Amino acid sequence: MSSTEEKTISQDVGWDWEPPMPPTDLIFDDGEPLESNRHCIAMNVLIRSLEQAWSERNDFFAGGNMFIYYSSTQACNRDFRGPDFFVVLDVDGTKSRQGWVVWEEDGRYPDAIVELMSPSTAEVDQVTKKEIYERTFRTPNYFVYDPFNPSSLQGWQLDASHRYQPIETNERGWLWCETLGFWLGIWEGTISRETAPWLRFFDNSGNLVLLPEEAAQAKAKQATQQAEQERQKADRLAAQLKALGVEPEV
């Protein structure tokens with residue numbers, strides 16, 4: 001059958017249907033802040049430390065407290081879903097985004113999600129959102145943590161049947177995030193003038209994944225130590241020369 005005949009037949013039977021366009025009047029801010037300042041810091045710690053660890057990569061997007069739109073029905077119903085922290089791999093990380101709109105991202109959903117719980121959100125995070133992330137998003141790794149409760153960390157991983165199975169902790173109480181290649185564990189310390197049990201990333205060797213300012217401090221400390229070692233080496237050499245009756249050059 002020729003293309004002309006196909007066109008004629010499609011016109012005869014009314015095959016001029018076009019798929020409906022997705023909504024464009026999307027809302028990206030509902031005006032609702034995070035539960036507390038600690039929740040805000042905790043979110044930024046995860047985002048900034050991951051960006052520091054992968055500073056030479058542009059193939060991922062890490063966001064937080066941003067709406068994820070995944071269907072026209074959800075958008076029309078204003079059924080907002082905004083994970084406190086999420087990561088999408090193998091995407092253009094240099095692209096500016098107000099939110100994550102699945103139909104504008106080639107159908108990509110988050111590969112890892114962390115919800116920062118509070119007493120008022122714990123049930124939704126552990127039941128309602130967990131089911132959406134499992135059944136609709138098919139997000140491989142999902143974690144929940146209350147920044148005010150260091151024993152609240154839980155995590156799940158999709159099995160072969162696309163159902164969440166609990167992730168077992170290691171001897172340190174950490175959970176392995178296979179999709180990111182990092183451990184998630186609790187680190188006690190002070191960040192942004194607040195001392196708390198923060199949820200942090202750790203590498204496969206157990207080293208803390210540093211924030212940019214921590215990495216800069218570590219680099220400066222290393223440079224200072226190296227300079228001190230060089231000074232001590234020079235002092236020892238000068239002492240040896242003096243012992244041999246040779247006055248070292250200044």
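Student: Are Tyr133 and Tyr142 buried or exposed?

Tutor: This is a predicted model, in which local features need pLDDT of at least 70 and side-chain atom pairs count only at pLDDT 80 or more, while totals for chains, interfaces and linings use all residues. Residues are numbered from 1 along each chain as its sequence is written, and side-chain values use heavy atoms, with hydrogens and water left out. Buried means under 20% relative accessible area, exposed over 50% and partly exposed in between, with a 1.4 Å probe and protein chains only; both Tyr133 and Tyr142 are buried.

Student: How many aromatic pairs are there?

Tutor: Rings of Phe, Tyr and Trp (its six-membered ring) pair if their centres lie within 6.5 Å, and planes under 30 degrees apart count as stacked, over 60 as edge-to-face and the rest as tilted. By this rule there are 17 aromatic pairs.

Student: Why does the pair of Tyr133 and Tyr142 count as edge-to-face?

Tutor: Their ring centres are 5.0 Å apart and their planes stand at 75°, so the pair is edge-to-face. Tyr133 and Tyr142 also belong to one aromatic cluster, together with Tyr70, Tyr109, Phe137, Trp156 and Tyr164.

Student: Which residues of the largest nonpolar core touch the most other members?

Tutor: A nonpolar core is a set of buried Ala, Val, Leu, Ile, Met, Phe, Trp, Tyr and Cys residues joined through side-chain atoms within 4.5 Å. The largest has 32 residues, of which Leu50, Phe85, Val114, Leu180 and Phe201 touch the most other members. Helix 2 gives the most to this core, with seven residues. A second, separate core of 20 residues includes Phe86, Ile113, Met117 and Val144.

Student: How many disulfides does a search of the whole structure find?

Tutor: A disulfide is a covalent bond between the sulfur atoms of two cysteines, and the search looks for a pair of cysteine sulfur atoms within 2.5 Å. Across the whole structure it finds zero disulfides. Cys40 counts as partly exposed because its relative accessibility is 31%, whereas Cys177, at 1%, counts as buried.

Note on methods:
Helix = DSSP H or I, 4+ residues; strand = E, 2+ residues; numbered from the N terminus.
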